[in-house]
Each structure stands twice: as C-alpha cells, then as structure tokens.
Amino acid sequence: MSDPKPKLLIVEDDEGLQTQLKWAFEGYQVFVAGTREDALAILRAEAPPVVTLDLGLPPDPDGTSEGFAVLDAIMAQAPATKVIIASGHGAHESVLDAIGAGAYDFYHKPVDIAALELIVSRALNLHRIEAENRRLAEKVGKTKTVLGTLITGAPEMVKVARTIERVANTDASVMLLGASGTGKELLARGLHDASPRREGAFVAINCAAIPENLLESELFGHEKGAFTGAVKTTEGKIEAAHGGTLFLDEVGDIPLALQVKLLRFLQERTIERIGGRKAIAVDTRIVCATHRDLDAMIGEETFREDLYYRMAEIVVRIPSLSERAGDAALLAKAFLNRFAQEMNPSVKGFAPDALAALDAHKWPGNVRELENRVKRAVIMADGKLVGAEDLDLASPDMNDAAPLNLKGAREQVDRQVIRKALARTEGNISGSAKLLGVSRPTLYDLLKQYDLQN
C-alpha cells in the first residue's frame with residue numbers, strides 16, 4: 001500500500017488564490033479555509049503538519065489581527081505544526097513578529113509557486129524529522145536534547161530553543177541575553193547549525209577578552225603596513241564569517257568609537273580593513289550576546305541605541321540554571337557520563353545526597369559552574385558514586401523561604417519537586433511516583449493539573 005499524501009492546510013480568503021494553490025499542490029491532501037473558525041476546525045479534525053497562512057483574514061482583511069489570532073491558536077493547539085506566513089510588500093515587521101510567535105517561515109506575495117513548494121517541502125521534512133526524534137526519545141526514555149546538543153527538561157529552556165529554531169531560517173540579527181555560563185555560545189551554534197548558513201563558517205569572538213586597541217583589527221582586519229607589526233594583510237572575524245555566522249559575545253564591552261564602525265557595517269553590509277580604502281562586501285549573519293543591562297547602558301549613553309536595534313531584531317532571554325527546575329540533575333548526569341569515560345571509568349553515578357545538593361544549590365555560575373564541579377568530583381571520587389562532598393556542596397537547607405500565598409507556594413513547590421523527581425529518574429513515571437511517595441495515577445493527575453506532561 002502506497003504512503004498517503006501529506007496533509008496541507010491553506011488558510012486564505014481569496015477564492016482565486018485558493019484554487020491556484022490547491023491545483024499547485026497535487027501531491028498533497030489539500031484543505032482550504034477562509035476563516036479562523038474553519039481553519040481551527042480542520043486543524044482539530046485533520047492535524048495537518050504544515051499550514052500556509054495569510055495574515056489578512058476577515059473580519060480584518062486589511063490588517064493582521066485575525067491572522068495572528070489564527071497563528072496563536074495553532075501554536076496553542078498543535079505547537080509542532082509548521083506555519084508558513086504570507087508576506088506582502090513592506091510586511092517585514094509583521095513577518096518577524098509572526099516568527100517570534102511561532103511561525104516556521106514566510107513567502108512573498110504575489111506567490112512564486114516554485115518557491116512556496118520548496119518551503120512547504122522543507123517544512124514537511126522538518127516536521128517528519130522532529131516527529132521521529134520525539135518517537136525515539138519516548139522509546140529510549142533518555143535525556144531530552146533540543147537544537148541537537150542542548151540538554152534540558154525545563155519548559156522555559158525548550159521555549160528558548162523553539163524560538164531559536166524558528167528564527168534560524170531568517171537573516172534577522174539575534175540578541176541573546178542571559179547571565180554568564182547559561183550557554184549563549186551553545187545556543188548561537190545551534191542557531192547556525194539550524195540555518196541555511198550551516199555550510200558556512202561559525203566564527204565566535206569574545207569582545208570582553210580582547211584589549212580595546214586590538215578589537216577593531218580582530219573584527220575588521222588590517223592591511224599590510226597599517227600599523228607597527230602589521231607585516232601582512234589579515235582578514236578580520238567579520239570577513240572570516242562571510243556566508244556564515246559571526247557570534248559576538250559580550251557586545252556590551254565594545255567601545256563607543258568601534259560601535260560606530262560596527263553600526264556602519266550592519267547598515268551597509270560592507271567593511272574597510274584598517275589601513276585600507278576599498279569597501280569589501282560581506283554577507284555575514286550577526287548573533288550577539290551579553291550579560292550586561294544594555295537598556296541601562298543606553299540610558300547612560302555608553303551603548304548606542306541605534307546599534308542595539310540593529311543587533312536585536314530578535315531578542316532571546318535565557319533563564320539561569322536556578323530557574324530551570326530539574327535541569328541541574330539532568331546536566332550533571334550528562335557531564336558525569338562524559339568525564340567518567342574520559343578520566344575515571346569506575347564512577348557510575350551520584351549518591352542521593354549529591355542529587356539533593358545539586359537540586360538545592362543556586363548555581364550563581366550557571367552551567368559552567370556545574371560542569372566544573374562535576375568534572376572535579378569525578379576526578380576526586382573514591383567510589384562508584386559521587387557524593388555531595390565530592391561536589392564541594394553543602395547539605396541542602398530545607399528551610400528556604402517560600403511565597404507567603406499558601407496556594408501559590410504549594411503549587412510552586414509541587415512543580416519543582418515533580419520536575420526534580422522526573423529528572424532524577426530520566427522521565428520514568430513509576431520511578432518518579434515511588435520517589436514522590438504517590439501512586440502512578442496520582443502522579444499522572446498532578447502532571448495534567450500542572451501542565452507538566454511534556
């Protein structure tokens with residue numbers, strides 16, 4: 001028996017365009033809707049993996065409010081669906097907003113059928129890959145990874161990864177905001193690997209680690225003889241990332257004078273090496289990161305507002321490790337497996353006091369601190385299990401202050417304890433229920449009540 005045709009939902013109120021698109025996608029099982037109600041009814045009944053969506057739907061055909069309402073409803077009901085937005089002339093801002101809200105990609109009107117067919121095909125292929133990955137993850141029952149390498153079980157971090165996956169197919173500049181050690185470079189690499197630029201170079205530079213008088217040369221390069229010691233012409237990091245992605249870490253440390261030159265590059269997409277007079281066109285995507293408060297720096301006039309808006313078309317805020325309940329244990333297990341294999345194969349896991357200490361610690365240094373502590377513990381451990389003492393962590397204090405509102409405090413504690421139990425048992429429901437001292441049906445009810453099924 002041949003495979004059934006893949007399903008495609010076209011949400012479009014123009015009857016002529018409906019017909020044109022329906023004929024164009026002969027190899028698909030096409031469903032057409034002209035209103036929000038019809039679109040969501042088809043979504044529930046048919047579960048199409050891919051949807052094309054015109055934002056201008058009645059009763060707001062000249063605006064985007066109804067289209068965004070449809071997009072929000074699709075993301076709420078079936079977040080794995082790949083939604084492709086129709087983009088009219090001058091709709092750049094709406095496209096970025098739609099991608100930020102969950103859309104996968106966009107196409108321009110008037111429609112180029114060949115281009116749209118390619119986008120739909122790519123979206124369908126990605127949906128199939130993600131579905132297969134989910135099936136394998138459920139079958140194996142192991143740690144979750146997103147963006148290929150990022151280990152997490154926290155909804156907050158999964159949301160971050162989904163946002164990065166959505167913007168990867170655009171050339172929008174991305175600003176990653178988060179404390180030191182939260183994995184900003186790992187996310188930047190994930191964005192690059194998920195983008196059409198994946199075959200190009202990924203070039204990273206830490207702007208805080210390079211002396212101010214050398215940073216301009218590092219970024220823009222220099223011509224032979226441009227200054228003392230410039231014995232040959234050298235391309236900068238921006239040029240080296242041509243066709244790929246440049247990750248600028250700690251952009252808050254770029255001096256004001258250099259900010260002007262960087263702004264000119266972002267506006268004109270050309271550079272001049274130090275000592276050079278020729279403009280060099282460069283096709284480089286910029287991803288930036290900082291732990292500093294750029295809004296405050298803009299107010300103090302130590303960071304240019306116009307540069308910020310060029311760099312931060314999409315802003316992604318990365319939660320600290322202490323905000324990702326259960327992730328400390330998940331990551332610690334992954335680090336332990338890696339370091340034990342490399343340095344101390346006799347180490348097999350964590351003792352109960354170590355797991356409790358991992359959960360209780362506030363992790364001011366985030367994932368970097370966690371990795372360093374686990375590495376040291378594996379090296380120093382005498383037995384098969386790493387203890388809290390090996391991690392150099394104190395026994396957890398169970399008297400930490402909780403919110404004064406009793407209902408809110410109970411829900412907060414329930415969520416954290418359930419997530420930690422799931423993390424310790426790698427998602428095993430029976431094991432988690434045993435740890436929590438409840439029955440499996442009770443745990444299933446709690447997972448549903450607190451929306452923790454995923």
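Where is Pro 59 found? I looked it up and found Pro 59 in the loop between E3 and H3. Helices (H or I, at least four residues) and strands (E, at least two) are DSSP runs, numbered from the N terminus.

**Entry: the model.** I note that this is a predicted model, in which local features need pLDDT of at least 70 and side-chain atom pairs count only at pLDDT 80 or more, while totals for chains, interfaces and linings use all residues. Residues are numbered from 1 along each chain as its sequence is written, and side-chain values use heavy atoms, with hydrogens and water left out.

**Entry: the whole chain.** I read off 18 helices and 16 strands for the chain. The chain has 454 residues, and 46% of them count as buried. Buried means under 20% relative accessible area, exposed over 50%, and partly exposed in between (1.4 Å probe, protein chains only). I then looked at contacts, meaning heavy atoms within 4.5 Å. Among those between residues at least 6 apart in sequence, 67% join residues at least 24 apart.

**Entry: the sheet with E1.** I followed an open sheet of five strands in the order E2-E1-E3-E4-E5, with parallel pairing. Two strands pair if DSSP finds at least two bridges between them. E2 and strand E5 (105-108) stand at the edges with a single partner strand each, so one side of each has no neighbour in the sheet. On average, neighbouring strands of this sheet are turned by 20° against each other, direction ignored. For such angles, axes are lines fitted to C-alpha atoms, for helices over the stretch in contact, and angles run from 0 to 180 degrees between N-to-C directions.

Helix H3 (residues 65-77) packs on this sheet and touches strand E3 (50-54) and strand E4 (82-87). The direction of H3 makes about 160° with that of E3. Helix H2 (residues 36-46) lies across E1 and E2, and runs at about 150° to E2.

I looked at strand E1 (residues 7-11) by itself. Four of its five residues are buried, so E1 is largely enclosed by the rest of the structure. E1 pairs with strand E2 (residues 29-33) in the parallel sense over five bridges. Within E2, Ala 33 is the residue opposite Val 11.

**Entry: the sheet with E8.** I found another open sheet, in which five strands follow the order E9-E10-E13-E8-E14 with parallel pairing. Its edge strands are strand E9 (202-206) and strand E14 (314-317), each pairing on one side only. Here neighbouring strands are turned by 20° against each other on average, direction ignored. Strand E10 (residues 245-249) and strand E13 (residues 285-290) are joined in the parallel sense by five bridges. Phe 247 stands opposite Val 287 in E13.

**Entry: backbone details.** I checked the peptide bond from Pro 58 to Pro 59 and found it cis, with omega near 10°. Lys 109 and Pro 110 are also joined by a cis peptide bond, with omega about -5°. Pro 110 lies in the loop between E5 and H5.

I also looked up phi for Ala 47, a residue other than glycine, and it is positive, near 50°. Ala 47 is in the loop between H2 and E3, and counts as exposed at 56% relative accessibility. Asn 366 is not a glycine either, and has a positive phi of about 60°. Asn 366 belongs to helix H15 (residues 366-380) and counts as buried at 2% relative accessibility.

**Entry: Arg 324.** I located Arg 324 in the loop between E14 and helix H13 (327-343). Is Arg 324 buried or exposed? At 2% relative accessibility, Arg 324 is buried. Its side chain makes a polar contact with the side chain of Asp 327 at 2.9 Å. A polar contact is a pair of N or O atoms within 3.5 Å; within protein, one must be able to donate a hydrogen and the other to accept it, and residues adjacent in sequence count only if both atoms are side-chain atoms. Leaving aside neighbours within four places in sequence, Arg 324 is in contact with several residues, among them Ile 151, Glu 156, Thr 182 and Val 367.

**Entry: Asn 125.** I placed Asn 125 in helix H5 (residues 113-140), and it is partly exposed, with a relative accessible area of 42%. Asn 125 and Pro 49 are 76 residues apart in sequence and 9.7 Å apart in space, C-alpha to C-alpha.
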